[in-house]
Amino acid sequence: MKIGILGSGLMGATLGRLWAACGHDVTFAYARSEEKLARLARQCGAAHGSIAHAVEGADALLLAVHWSRVPDVLEQAGSLDGQVVLNCCVPLNDQNTQLVVGTTSSGAEELAKRRPGARWVACFNTTPSESFDPVFARKGGANPPQVLTYGDDAAAKDIAGGLIRDIGFAPLEAGGLQNARFIEPFALATVELAYVQPGGPALVYHFEKLGG
Ligand SMILES: NC(=O)c1ccc[n+]([C@@H]2O[C@H](COP(=O)([O-])OP(=O)(O)OC[C@H]3O[C@@H](n4cnc5c(N)ncnc54)[C@H](OP(=O)(O)O)[C@@H]3O)[C@@H](O)[C@H]2O)c1
């Protein structure tokens with residue numbers, strides 16, 4: 001699958017590297033230094049280029065930038081009509097302390113308003129990047145950790161689900177995009193658990209229903 005990474009930082013670089021290791025054709029885009037993108041691409045047998053280059057012909061895109069960079073990335077990305085976009089962004093202020101969208105809307109819904117033709121799937125926004133390598137290393141084991149996965153396009157969610165499984169997680173169906181109103185605040189709970197509470201940042205979760 002041809003995957004364009006729009007934002008090659010902690011989330012984008014790690015997910016792109018792992019998808020490349022699974023045999024996907026990955027293009028890294030959007031970092032402050034071209035050299036960083038080139039190095040990343042070299043390290044994992046991937047490509048790098050502009051946002052427009054990463055978007056063109058991609059089967060799936062990952063949007064992985066700070067909320068403040070979203071307008072710039074979308075402008076460079078164009079209409080995104082018909083394209084599957086996995087969105088892991090949490091709509092945070094510059095200090096990363098508060099949500100700047102919430103209760104009556106969400107980051108995911110605002111993105112869908114800005115690019116209504118794109119096939120948005122929210123996922124990985126409640127999963128710290130530090131967990132990706134250890135989960136990938138355990139891929140194939142029993143009870144894989146889950147990734148809350150939500151959006152209004154079932155076929156796009158299937159594509160996202162495949163990419164989530166590829167790196168050792170299980171997609172947890174979490175309904176429509178509007179549920180971002182509840183899930184994006186939960187991302188801040190995972191930040192507390194990963195980065196403030198003891199035990200290190202490689203936090204994963206596994207919900208369980210006991211109803212049989
Ligand atoms: N990190 C996590 O564990 C985590 C977990 C869940 C959700 N999220 C969400 O995922 C999104 C991405 O987070 P992240 O931690 O991956 O962020 P990050 O490490 O800061 O990566 C963002 C990328 O955007 C690039 N960038 C920033 N400003 C730029 C500019 N002016 N021009 C070009 N490129 C620019 C950065 O370039 P450089 O590489 O040069 O810095 C970096 O590659 C955020 O919305 C965050 O809330 C993160």
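Contact requires C-beta atoms, placed from the backbone, within 7 Å. Helices (H or I, at least four residues) and strands (E, at least two) are DSSP runs numbered from the N terminus.

The model is predicted: local features need pLDDT of at least 70, side-chain atom pairs count only at pLDDT 80 or more, and totals for chains, interfaces and linings use all residues. Residues are numbered from 1 along each chain as its sequence is written.

**Sheet.** I traced an open sheet of six strands, ordered S3-S2-S1-S4-S5-S6 with parallel pairing. Strands pair if DSSP finds at least two bridges between them. S3 (47–49) and S6 (119–122) are the edge strands, each pairing on one side only. The twist averages 25° from one strand to the next. S2 (residues 25–29) pairs with S3 over three bridges. I found Ala 47 in S3 as the bridge partner of Thr 27.

**Helix H5.** Which strands does helix H5 lie across? I found S5 (84–87) and S6, with H5 (residues 107–114) running at about 170° to S6.

**Leu 6.** I listed the contacts of Leu 6, leaving out residues up to four places away in sequence. Among them are Ala 29, Tyr 30, Ile 51, Leu 61 and Val 73.

**Ligand.** I looked for residues with a C-beta atom, placed from the backbone, within 6 Å. The ligand has 24 around it, the closest being Gly 9, Met 11, Ala 31, Arg 32 and Cys 89. Helix H1 (residues 10–21) gives the largest share, three residues.

Conventions
Contact = placed C-beta atoms within 7 Å. Axes fitted to C-alpha atoms, helices over the stretch in contact; angles between N-to-C directions.
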